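Student: Could you take one part of this model and look at it closely, and then set it in its surroundings? I would like every cut-off stated where it is used.

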Amino acid sequence: MCIMLLSFSVAPPSEDFKRVKDEQSLKNKIIEKAKNTHSIRSDFTQEKHLTMFEEVMNSKGEFLFKEPNKVRWEYVEPISYIIVLDGKRVSIKDDEKVKSYDMDSNPIFKEINRLLVHSLNGEILSSKDFRIEYYESKDRYMARLFPNNEDMKQVIDNIEIYFAKIDFGVIGLRINEYSQDFTIIKFQNRILNEDIKNSSFNLNP
Amino acid sequence: MKILRILLLILILSPLSLLAGQIDSSLVLENSSARVFPQERFRAVYKTKIDIKDKSFSGLLLVRENADSSFRIAFVTEVGMKIFEFEFFPRKKDAFHVVSILSYLDRGIILKTLRRDFESLFMGFTAFKKPKIKSLGKASFTQRYCYEGKRIYFVQGKQILSMTRSKFLSTKEEIHFTYGDNAFPQLINIHHLGVKLDIEMKLIKVNGSE
């Protein structure tokens with residue numbers, strides 16, 4: 001179901017996150033893990049919480065990443081929609097039509113691609129664009145990134161990146177907007193370092 | 001004195017002639033509740049594409065009518081980025097509230113046009129502050145209703161088939177509705193003449209069902 005009423009009673013209980021004491025050690029482990037991750041294939045779910053609207057938009061699909069900077073989001077519900085980013089161009093398949101744009105002409109997509117790739121390769125943790133706090137719960141680490149850029153601050157309050165304690169891999173993101181809306185992306189069934197063909201990132205037949 | 005009599009005659013007769021111009025008041029009353037969306041308090045999702053000047057935005061448009069007849073709409077891209085969120089309050093002085101809008105679109109002419117477009121869709125005839133609706137007569141199976149002299153809706157039974165908005169005898173906007181099995185419009189096409197702003201909407205879900 002694409003739309004459901006926002007119900008705080010069914011929301012997962014918030015985990016007890018505490019600040020990490022040795023942040024540098026955690027950061028090094030996450031970056032080391034990221035450096036050894038050459039590709040990711042994963043299912044994902046996306047929840048867009050419209051707080052004032054009191055609605056949640058749910059979607060799901062498959063996510064592919066191949067280093068250095070190829071990303072493919074394929075939405076299968078509620079609509080079929082594919083977006084491929086490769087650092088230079090963004091290609092979108094919508095209603096069987098494919099359109100490609102120069103990423104320089106679309107700063108929003110350029111920023112999304114940069115954030116995604118830097119989140120996956122760990123570079124975001126060394127970025128001067130954010131002030132970062134590290135937290136941990138029983139099962140997860142979380143890096144909370146506060147943007148330094150004034151333009152970004154007007155839209156995004158902070159970004160939370162969640163890592164599995166078992167392997168330091170990225171298992172989810174939460175983008176908290178200034179408007180109190182937020183987006184949760186969860187990655188499931190992650191397969192790392194599979195041989196993903198370059199053709200997966202080419203939407204033209 | 002003769003001129004005065006003639007003037008008096010004109011003054012007395014003129015209201016009668018105006019009344020006679022409103023063709024069939026029973027039809028007006030019957031159809032004045034015609035709405036683009038047939039039921040009150042609904043929730044719908046439309047796959048939507050908005051072309052503005054040289055930019056194109058696609059995503060999902062959420063529409064909800066509340067118990068107080070107010071409307072709330074939000075346009076969110078497929079990747080979860082909100083383009084805008086508006087509220088409409090019929091019969092109120094401040095009938096339109098911008099909850100949020102992307103800075104690129106936060107310009108007077110664009111906001112005014114979007115507001116007018118969505119008011120044309122989501123505010124039923126009777127939802128406007130002071131409905132002034134008159135029948136413009138029948139043309140084959142279609143009746144035409146004029147709202148405040150600007151919007152002309154083409155109505156068949158209880159369904160609105162299209163709408164045109166004109167200014168100084170020139171058409172400024174056209175909206176076409178295509179219906180499927182249920183009474184909700186499956187396709188809505190909004191086309192502006194003079195302003196490069198077109199909207200295409202395709203129904204994905206209504207009231208949580210397919």
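**A helix and its surroundings**

Tutor: The secondary structure of chain B comes to 3 helices and 12 strands, where helices (H or I, at least four residues) and strands (E, at least two) are DSSP runs numbered from the N terminus. This is a predicted model, in which local features need pLDDT of at least 70 and side-chain atom pairs count only at pLDDT 80 or more, whereas totals for chains, interfaces and linings use all residues. Residues are numbered from 1 along each chain as its sequence is written, while chains are lettered from A and ligands numbered from 1 in the order in which they are written.

The part to examine is helix H3 of chain B, which covers residues 108-122. Its 15 residues reach 21 Å from the first C-alpha to the last, close to the 21 Å expected at 1.5 Å a residue; the expected span is 1.5 Å times one less than the number of residues. Which residues of H3(B) are buried? They are Leu114(B), Phe118(B), Leu121(B) and Phe122(B), a residue being buried if 20 or more other C-beta atoms, placed from the backbone, lie within 10 Å of its own, exposed if 12 or fewer, and partly exposed in between. Seen down the axis of H3(B), these buried residues fall within an arc of 75°, so they line one face of the helix; the arc is that of the directions from the helix axis to the C-beta atoms. The background is that an α-helix has 3.6 residues a turn, so residues three or four places apart point the same way. On the other side of H3(B), Gly108(B), Ile109(B) and Lys112(B) are exposed.

The cover over the buried residues of H3(B) includes strands E2 (55-65), E3 (71-77), E4 (82-88) and E11 (185-192) of chain B, with two residues counted as in contact if their C-beta atoms, placed from the backbone, lie within 7 Å. Over the chain as a whole, 26% of the 210 residues of chain B count as buried, and among contacts between residues at least 6 apart in sequence, 38% join residues at least 24 apart.

The contact between the chains takes 19 residues from chain B and 20 residues from chain A. On the side of chain B that touches chain A, strands E1 (43-52), E2, E3, E4, E5 (96-101) and E12 (197-206) of chain B each supply at least two residues. The residues on that side of chain B divide into 8 nonpolar, 4 polar and 7 charged, where Ala, Val, Leu, Ile, Met, Phe, Trp, Tyr, Cys and Pro count as nonpolar, Asp, Glu, Lys and Arg as charged, and the others, Gly among them, as polar.

Of the 205 residues of chain A, 27% count as buried, and 47% of its contacts between residues at least 6 apart in sequence join residues at least 24 apart.

E12(A) and E13(A) form a hairpin with 4 residues between them, and Gln180(A) in the turn has a positive phi of about 80°.

Within E12(A) lies Ile175(A), whose bridge partner in E13(A) is Thr183(A). Ile175(A) is buried, because 21 other C-beta atoms lie within 10 Å, and, not counting residues up to four places away in sequence, Ile175(A) touches Ile156(A), Ile159(A), Phe182(A) and Thr183(A). Asn189(A), by contrast, belongs to strand E13 of chain A and is exposed, with 9 other C-beta atoms within 10 Å; Asn189(A) has a positive phi of about 55° although it is not a glycine.

How values were computed. Pairing = 2+ DSSP bridges.
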